[in-house]
Amino acid sequence: MNQKKKRISAAGLLITIGIVYGDIGTSPLYVMKSIVNGNGGIANVNRELILGSISLIFWTVTLLTTVKYVLIALRATNRGEGGIFALYALVRKRAKWLVMPALIGGAALLADGTLTPAVTVTTSIEGLKNMRFGSSIPVPNQNSVIIITIAILLVLFSIQMLGTSSIGKAFGPIMFVWFTFLGIIGVLNMANDWSILEALNPVWAIKILFSPANKAGIFILGSIFLATTGAEALYSDVGHVGKGNIRGSWPYVFLCLSLNYLGQGVWILQNPHYQAHGTELNPFFEAVPTSLRLFAIILATIAAIIASQALITGSFTLVSEASGLKFLPRMKINYPTTEHGQIYIPSVNKMICVATIAIVIFFRTSEHMEAAYGLSITVTMLMTTLLLFEYLGSKNRPLLLRLCFLVVFGFIEGMFLVSSLTKFMHGGYVTVLIAGFIGVIMFIWYFGNRVRDKHEGASTYVRLDEYTDMLTDLSHDDDYPTYATNLVYMAKVKYNKFIKREILYSILDKRPKRAAAYWFVSVNITNEPFTAKYAVNTYGTKNVINVQLFLGFKKQTSVNVYLRQIVQDLIKDGTIEAQPQEYTTTPGRKVGDFSFVIVNEVVSPLTKLKGFEKWILKARIWLQNLSSNPASWFGLEFTDTVVEQVPLILGRPKKNLHIRRVAPRDYSHLKDQEIDNS
């Protein structure tokens, strides 16, 4: 959608609050809890630690979220879209090495998407643990928390296929209530000690890093960073709501968050001898009046679900962008609504669901999850800083200004990364493994394509119109049995003439396939939901047809239905030969059978490539054949579909393999070594 259509408005601000700030908006659930636990519990907390911690939170969110993302990064949009991949698309021509920050940052961001739903929902449900309702305690232990959390997550992932259009309309009002609630609870607690406002002085933030009151030392930054983990998601969501609505709504969100952190700080200072009874201390819930505790838990759970929902759909968008940049294989994309931005990728949804539930089972408590949380997103932020440095260069900003930006934010995020690395052995390795797995797939796919493009020569493509006579002759050659009436290849014909040699190799060389008509079909997905148009080129024949389909994103899986109509249209106007059917259950049927051929490539032993290039090409082809399923892309699962293996030969050897013929003789009386030497 064009940015001009996303002008700042009351409705736009409400929608923005609903879908942009879910991650950063649920941070108060666990940030102060992590700080207190990291310092040895509430008994080891004093005023200096609380003032310093809140000061660090306030200035971290100010610098990273407000300055870097809201004021600077939101300027770097690609056709209205934001996020690390959109940013890379803007700067990739400046230097080839920039692909590495994009790959690393994107993989880390996707890994973060598996952890956020786990930690936010678990934290919310833990608020119910040991809470008495009359004479019963519905959630008596952590096992109950885990079961309820998994049930909520399963429901959340199962409804993704329905789209978030109708649910999304309720997000804004609910999150507005959530942020308002955060602010009110903060003010109610601050009323007991207004001197907590001293924490807004940045001196406290610097002092606490070196104070003996802070037992974690500089590594306290690992907990502080949790307050700003949603900043990258904020940047990624700009395409949904527009820059103006984010900049207009952020001050209110920031105010409410700040008030809540300040209020939690007052409660902690006034309850130094608090004893948790069978549950972990969470200052967020304890700071809420007992009469409102159940309401707070319900509201927090809904906010956590909304935050998780935003990250899940954000992952769909991120994967879609990665596929467009050739960082990931193409995947089947569904469009539950008539909005182009509302996408659902079944395979990604399943993978995130499995990973998230596995994280809940593995870590069991939100405290343990927090040990893994934040590490991957610090990596993404650092990579975004590098790309923004290049973006500012593309806008001719002075080098000194760019270097200041790089040094300041690189230093801050570097400090957070170092402090987060201390979490590595306490759970951080899990997100590193997830990010590493995603990163390896991206690396193989991207650089495998680079190797392929580098070695693909003119011989890889042939002109389809130069083979039309041969195909026409084969179509009428009675010496070959009929393979299918309509033989269809989902193959892109470049410039309306050039096609990959492997397609014609499949028809002519792998036991010639005789058909009444040879179809080469390209599908072009439009930004409108219900487009249905087509164009044909027969190259002056009645048997070879190149079809360009122009289908709306809601109609992309209806290729076989449209193709039958196209056949009827072309027979009717005499463009192709008639296909009368003598044996049929449908009287008057004029369209023959269809067979769809899907070509899978395998690296030929004749390929000249060696070492790393050959390995990564093989890995790329393996990934393609493992993940790609063109039949599901175009709704061909229930058609006659044949999968063929064809050899991919890149960098042909200079010398042809040759074997010498010798005269026959009797070798039966010789040993193997004697035969070899003879």
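User: Is C353 buried or exposed in this model?

Analyst: Burial is read from relative accessible area, and a residue counts as buried when that value is under 20%. In this predicted model, C353 has 13% relative accessibility and therefore counts as buried. C256, with a relative accessible area of 3%, is buried because that value too lies under 20%.

User: How many disulfides does the structure hold?

Analyst: A disulfide is a covalent bond between the sulfur atoms of two cysteines. Here, a search of the whole structure finds 0 disulfides.

User: How should I read the sheet, and in what order do its strands lie?

Analyst: A sheet is read through the pairing of its strands, and in this case 6 strands form an open sheet with mixed pairing, in the order β5-β6-β4-β2-β7-β8. Its edge strands are β5 (532–537) and β8 (641–648), each of which pairs on one side only, and from one strand to the next the twist averages 30°. Strand β7, residues 594–603, runs parallel to β8 and is joined to it by 8 bridges; V599, for example, has E644 in β8 as its bridge partner.

User: Which helix lies across β4 and β6?

Analyst: That is α21, residues 468–475, which lies across β4 (514–526) and β6 (544–552) and runs at about 130° to β4.

User: What lines the second largest pocket?

Analyst: A pocket can be described by its space and its lining; this one holds about 630 Å³ and is lined by 25 residues, with M331, V348, M351, F437 and I441 lying nearest its centre. Among the elements that give two or more residues to the lining are α6 (99–126) and α20 (428–455), while α16 gives the most, with 6 residues.

Definitions and conventions:
Residues are numbered from 1 along each chain as its sequence is written. This is a predicted model: local features need pLDDT of at least 70, side-chain atom pairs count only at pLDDT 80 or more; totals for chains, interfaces and linings use all residues. Side-chain values use heavy atoms; hydrogens and water are left out. Two strands pair if DSSP finds at least two bridges between them. Helices (H or I, at least four residues) and strands (E, at least two) are DSSP runs, numbered from the N terminus. Axes are lines fitted to C-alpha atoms, for helices over the stretch in contact, and angles run from 0 to 180 degrees between N-to-C directions. Contact means heavy atoms within 4.5 Å. A disulfide is a pair of cysteine sulfur atoms within 2.5 Å. Buried means under 20% relative accessible area, exposed over 50%, partly exposed in between (1.4 Å probe, protein chains only). On a 1 Å grid over the protein atoms alone, a cavity is a set of points where a 1.4 Å probe fits but cannot get out, and a pocket is an open set with protein on both sides within 12 Å along at least five of seven lines; lining residues have an atom within 4 Å of a point. Grid points are joined across faces, edges and corners, and a volume is the space filled by probe spheres set on the points.
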